[in-house]
Amino acid sequence: MKVSGMRDERDLAATLGVQSNLLVGRGVSEIEAHPDRIVLRMPEEPFCWSGNMVFFRGDKVDPEAQIAQFRKDFPKAAHTMFGWDTPDMTIGAEHSAFTDLGYELEQMDVLSLTGPLNRFAVPEGIVIRPIASEEDWEQVIALQIDTAVEQGYDRDSFGSYTRTRFDARRRQVQEGSLNWFGAFDGDLLVADLGIYRDAVVSRFQEVETRPSHRKRGICAALVTVGVDWAKAEYPATVPVLQAFSDGPAGRIYRRCGFEHRETLVMAILPPQGTYERPEDDA
C-alpha cells in the first residue's frame, strides 16, 4: 500500500525517529506500508541510502529473512540498509550475523526537545539567514562536500551525491516543509543546517561548520534559529535529530536542551563505487 498525506505518514511509524525520517522524505519519496515493514523509496535518488531503505516493525532480528526482504523490495540497489521501528533497541548478540556478513551496524540516538530551549545568541560579526540565492546554495554544497572530504569521503562520488540530494532539498524548501539556514561572515558561508517541520515533529539535518569558525557558538545559534522557525508555524511540534549523543552534533544539541528519547539500530552494507563510506581508519 502506497501512502501519501501528512496524517497517514505520521501514523505509519511507532517511533519518533522513523516518523522524522518519513518527514524528511516528504514530497520526494514513495512510502509503502506493509504489516511487517515500511519501505521508503527515492526513485530520483537511488544512491541516497537513508532514502531507499526498509524499517521493520517491532524488535525481531532475523538476518536471513530481513536481508532477503530488502533485496526483494530493492532488487537493483547497490547498497543494503534497513532498521527497526522500535524505540529501545541496542546492538546485541542477535545482530552478530550481520557483522559476519560485512554489514556495518549503527546505534543511533534520537534526541528531542520537549522542555525549554537553551537559547544561544548569534555571535558578533555573524549573520544568520535562510539560504536563497544560487550563490548561497553553491556555498552550502561546497561546505557540505569539504566537510565530508575532511571526514574521509571521496570528493567525486560524495560531490555527485550531494548535488543530487540538494536538488531535492531545494524543491522541498520551495514547497515549505524545509528551510535551510546559513551563518555568514560577510559574504562567506561559515556554517549551515536544515530543518523540516510539521505539526507533530521537526527534524534537523546536517549542521556543518567551516574549520576557521568552529567553537564559537555559531551552530548553537543556528539551532536556536531553526527551533524558532519550526515553532512559529507549529508551536506543539517536537524538534528531533538523529546523532550520536556524545558526538560533535549531539553535544551541540544537548547544550541547547535536547535530551535522549530513543535508540534506533540500522544495518548497512555499503555499495562499491558510488558514495562509499570512508574506511574505518580514514
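Colleague: Which residues are linked with Arg-37 in a network of salt bridges?

Modeller: A salt bridge here is a side-chain nitrogen of Lys or Arg within 4 Å of a carboxyl oxygen of Asp or Glu, and by this rule Asp-36, Arg-37 and Asp-73 are linked in such a network. Please keep in mind that this is a predicted model, in which local features need pLDDT of at least 70 and side-chain atom pairs count only at pLDDT 80 or more, while totals for chains, interfaces and linings use all residues. Residues are numbered from 1 along each chain as its sequence is written, and side-chain values use heavy atoms, with hydrogens and water left out.

Colleague: How many salt bridges does the rule give, and which residue pairs with Arg-165?

Modeller: The count comes to 14, and one of the pairs joins Arg-165 to Glu-45, with N to O at 2.6 Å. Helices (H or I, at least four residues) and strands (E, at least two) are DSSP runs numbered from the N terminus; in those terms Arg-165 belongs to helix α6 (residues 155–175), whereas Glu-45 sits in the loop between β3 (37–41) and β4 (53–57), so that the pair links distant parts of the chain, 120 residues apart.

Colleague: Is Arg-165 buried or exposed, and what of Glu-45?

Modeller: Buried means under 20% relative accessible area, exposed over 50%, and partly exposed in between, using a 1.4 Å probe and protein chains only. Arg-165 is buried at 3%, and Glu-45 is buried as well, at 6%.

Colleague: How should I read the salt bridge that Asp-136 forms with Arg-129?

Modeller: The closest N and O atoms of Asp-136 and Arg-129 are 2.7 Å apart; Asp-136 is buried, at 6% relative accessible area, while Arg-129 counts as partly exposed at 31%. In the salt bridge between Arg-155 and Asp-146, where the closest N and O atoms are 3.1 Å apart, Arg-155 is partly exposed at 44%, and Asp-146 is partly exposed at 35%.

Colleague: Which residues touch the most other members of the largest nonpolar core?

Modeller: A nonpolar core is a set of buried Ala, Val, Leu, Ile, Met, Phe, Trp, Tyr and Cys residues joined through side-chain atoms within 4.5 Å. In the largest one, which has 43 residues, Leu-22, Ile-38, Ile-131, Trp-180 and Met-266 touch the most other members. Helix α5 (residues 134–150) gives the most to this core, with six residues, and a second, separate core of 28 residues includes Ala-183, Ala-221, Val-227 and Cys-256.

Colleague: Why is helix α2 described as largely enclosed?

Modeller: Helix α2 (residues 16–24) has nine of its nine residues buried, so the rest of the structure largely encloses it; among them are Gln-19, Ser-20, Asn-21 and Leu-22.
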